[in-house]
Amino acid sequence: MDIVLIFAGLFSSVTTSFIVNMQQNLAPDPTTETNMLLKRLIHTVNNSTFSDINFDTPPWTGPGSSEIWVQSLIYASLSASLLAALGAMLGKQWLNHFQHFGHGTVDGRGRQRQRKLDALYAWHFNAVLEGLPVLLQLSLLLFGVALGANLWTEQHIVACIVIGATTSGAVFYALIVVAALISDVCPFQTPASNRLRSIGQRVVRFHSVLQKGNQTILSSFLRFVSYIPYTIITSLHSFASCISHRLSSQYAIENTDAPCIRWLLETSDDPDVITTAASLVPEVEWPPDLDVSCALLRLRDTFLNCFENTEYGQPKLSDFSRDCAIACGKAFLHLYIERRSLDARPVLLRATHDPEFALTSSSCLHDVHWLTWTRQNDPELSFICDLTLEIVLDLGVSIPISLGNPKIPDTFLMWMSHPLLHCLSADQYARFWRRRALDVVERLLVLPLPPTNVIANCLMAAGLLLDQPVDPNQLVSTNKGSSIKTLLISVLESMQQAIGIDIHLELRERSSLYALKLLQPLAAVLEVEQFRQTAHDLGMPDWGVRLCQSFVNIVLHHPELCRPEARDKAWVAARDALHFSVIAAGSGDSSKADDQIAYTEEISRLRTTRNAGCGWLLDYISHHHLISHQSALTDAFLTMSEMNIDAACREKMPTYINAMIFAMAPEKSPRLRKAAFCAAYSSRNFLASLDINSLSPDLCAQFSAALSSVTADSISFGQGEDGILSAYSGMYGKQNLRYLHILFSWTQSELWSHHLYDGGHLEACLSIAKNLRYLEIYPLTEHLALYIIAIMARLQSEGVHSKLIPNDLCGLLVHKAWASVALRSLKPHNLSESVIHEVLEPLAELTIQLLKRDAELVDVTNEFKSHVLQTLRHLEQGPADNDMLSLVKDVVSLVTT
């Protein structure tokens, strides 16, 4: 208001002076009449003088039209300036009234202020005050036009100068209004541009409302009237957007966070503001071309000011300065390390753009040297001091200075995941940071995983450890989360190249050593399903198995390499490789320790040939059984569940079964017990083919007891005391089906068949059969019933089946078993190799005997007949043998008569 008032007063005085000079044009000129009277007196005295002049004065008819217009414009200019001065004076009174709240309580004055503030918006107070400068601008325009017009009547050249200046000002004002309309962030904002923008928005909204509203005559007319301005406004908006985008792409900085933080650091003297700004430094991306030298010096000085001298000259942290010291120290290191990797010159020794921050190199180093004498019990502050000494004292000499290898505190790991990338990318500093980088990666890539940006930093660090080239733009970026998949693929491919399958214990290549160290942290990343699928597509599960096999073969078949430390390292590498393979090939979440969740883990995506030799894996299991390494045994059993055992491994079966017995003990972890059970299921046919010369009866009895213990919880399908099945009933059902598969294989072996009676497995089968009444999961329930009947039929001779299967379960089991057979016999490729071949014969025999002896137990329904007839049709269409067809036809004849 003061500026408007002063300008209005000064301009009014200037306008008044011009009005005084032009005022005579509005009245008759008295000089003309005086001159005429003097000439008449002279003529009267001397008739010969002025004899040819008419002394009659013509009447004055008033000022000319041009003079009237000029006077009107200049008076209008004066009126506008005076009106602006009046408005400015009133505005100051209004503002004083707004700031005056009178007396009363604090809450009362606060409510009164809020009411006044709401009234400012309700009465458009800002629009009124914005109109005062508009009046002055209009007054200036009118004055320029009037002055130019007045001078044009007197002297054209002078008038052209004034008219040109006035026109230039008007054009300039119009251009800045247009520029302000093009972009709302344009610095040339004026009240006129704000009003025009508001009017345009209202026109667009009004036209949009008319289009969406009811179609009436009035609305159609208004829509037609508003269409032209709507089209003009939208076209101008599109053009303005294009111009604004071009201007911003040339001069604007995409990320404005860094310049804002730099401005706060350079201009603020408030320690709290500097601390807050410093805490934001690691969170934003700093463009390489942004000068941060002044900000670095401000951070360094603020960090050093957090310490005070003791009587012995040692720096001591000031009271209540720890947060400021840590924030400024982290920010200083973050920027300094990043800038040092981008420019070989030490940052603090460059010339700054602000003379206030210009320091000599000796003062910089002297202040930093002072930190050498710090003795802090705070590990975080000690790390910042040590690292500051290490990086600042490096003056670009041929051998970088390293004052030690301080361990990075846990709270700094996520922050340091970004600066260490710059240290690894510079050859002169990389050798001091590789071990630190590996330590950071190993400590960060654990479950639960850190944020995606930190994971991306760790993957990029892993790539640098494997000597991968790095993109400088990606190195500077602080938002790498979207490129995790690309980084992971690059790292995995580099690992395959760095570690060959034909390896030896004495690995000399640096990249190979780091690749082995990275197996365990990368396995944690592969716990995420999308990343696991990426590793599977690259063939990493099979690569990990082959790598583990190579280490095991080296340890077992090269006794000349007998150094204990080399053998221990080989076993560690073998464990990491196999665990990496299991995680990459899995489909569950092995990070969860819940018993039920543990049973969902599978490694069905392992593409290693099932018929490949597995003797090395049995040796691996034997070794880790001796040292009771449960996690290694878990991975080995899961891998074993995807392989077939060949005859060459017969001699290793006792050791293998002992390891499974150890793993299935009740006190072991759910994952280990489940993995051993999966291995037992996979090797059931080979174990059933063994005789008493291969396995002792005591060992078989122990294995039978271990199998009963591991399946004890699943027999009830997770049914509670209230009889309600749990959410994991389907998972328990799958485990029970595998359990029944194992038992069915035992029925065909003289070595194992009697353990079905002694180990309580028959009672378990009957319990599963009873619980099938409550389990309705198609076709799982039907498959369970099929194998229960097949086991009973194998064990008992003809006519004794009713003693094993209760009468109330016969109909349920037979019906569901035939439903399962009807489903499984649908166009088998090779019936002799399908599961139907081994269970259909005992099922048919049992059904025939039941139908002949007591058909009421079976309860022949139309659905049952349909399943039997469907099975017969499927077998007739496929390569079934005559004996099986004959049995099924006998069943058909019994159920149809």
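Select L299 first. L299 sits in helix 11. Helices here are DSSP runs of H or I with at least four residues, strands are runs of E with at least two, and both are numbered from the N terminus. This is a predicted model, in which local features need pLDDT of at least 70 and side-chain atom pairs count only at pLDDT 80 or more, while totals for chains, interfaces and linings use all residues. Residues are numbered from 1 along each chain as its sequence is written, and side-chain values use heavy atoms, with hydrogens and water left out.

Is L299 buried or exposed? L299 is buried, with a relative accessible area of 0%. Buried means under 20% relative accessible area, exposed means over 50%, and partly exposed lies in between (1.4 Å probe, protein chains only). Now show what L299 touches. Leaving out residues up to four places away in sequence, the list is L265, A278, C328, A331, F332 and L335. Contact means heavy atoms within 4.5 Å. The C-alpha atoms of L299 and E266 are separated by 9.3 Å, and the two residues are 33 residues apart along the chain.

**Along helix 11**

Stay in this helix and select T302. Helix 11 covers residues 293-305, and T302 is found there. T302 counts as buried, at 12% relative accessibility. Which residues does T302 contact, leaving aside neighbours within four places in sequence? They are I274, C324 and C328. C328 is also on the list for L299.

**Zoom out**

Show the whole protein. The secondary structure comes to 42 helices and 2 strands. Of its 897 residues, 46% count as buried. Residues 24 or more positions apart account for 73% of them.

**The cores**

Next, colour the largest nonpolar core, which has 208 residues. A nonpolar core is a set of buried Ala, Val, Leu, Ile, Met, Phe, Trp, Tyr and Cys residues joined through side-chain atoms within 4.5 Å. Which residues have the most contacts inside it? Pick out Y620, F637, M653, Y656, M660 and F703. Helix 36 (residues 780-795) gives the most to this core, with 12 residues. Apart from this core lies another, of 12 residues, among them F11, I74, F143 and L147.

Now centre on F637. Beyond four places in sequence, F637 touches I621, Y656, A659, M660, A663, L672, A675, A676 and A679.

**Two helix pairs**

Select helix 30 (residues 670-682) and helix 32 (residues 697-710). Their axes come within 11 Å and cross at roughly 125°. Axes are lines fitted to C-alpha atoms, for helices over the stretch in contact, and angles run from 0 to 180 degrees between N-to-C directions. Helix 30 and helix 32 are therefore oblique to each other. Angles under 35 degrees count as roughly parallel, over 145 as roughly antiparallel, 65 to 115 as roughly perpendicular and the rest as oblique. Helix 30 passes helix 32 in a left-handed crossing. A crossing is left-handed if the near helix is turned anticlockwise from the far one by less than a right angle, and right-handed if clockwise. Show the side chains here. R673, F677 and A680 in helix 30 meet F703, L707, S709 and V710 in helix 32.

Move to helix 17 (residues 427-444) and helix 21 (residues 510-517). Their axes come within 11 Å and cross at roughly 20°. That makes helix 17 roughly parallel to helix 21. The crossing is right-handed. R434, R435, L438 and E442 in helix 17 meet R510, Y514 and K517 in helix 21.

**Backbone stops**

Most residues other than glycine have a negative phi, and most peptide bonds are trans. Find P448 in the loop between helix 17 and helix 18 (452-465). A cis peptide bond joins L447 and P448, with omega about -5°.

Then select H124, in the loop between helix 4 (106-122) and helix 5 (125-152). H124 is not a glycine, yet has a positive phi of about 55°. H124 is exposed, with a relative accessible area of 53%.

Finish the loops at D859, between helix 40 (855-858) and helix 41 (862-877). D859 also has a positive phi of about 55° without being a glycine. D859 is partly exposed, at a relative accessible area of 46%.

**Last stop**

Select H755 in helix 34 (residues 755-758). H755 is buried, with a relative accessible area of 6%. Beyond four places in sequence, H755 touches P697, C700, A701, S704, W746 and H761.
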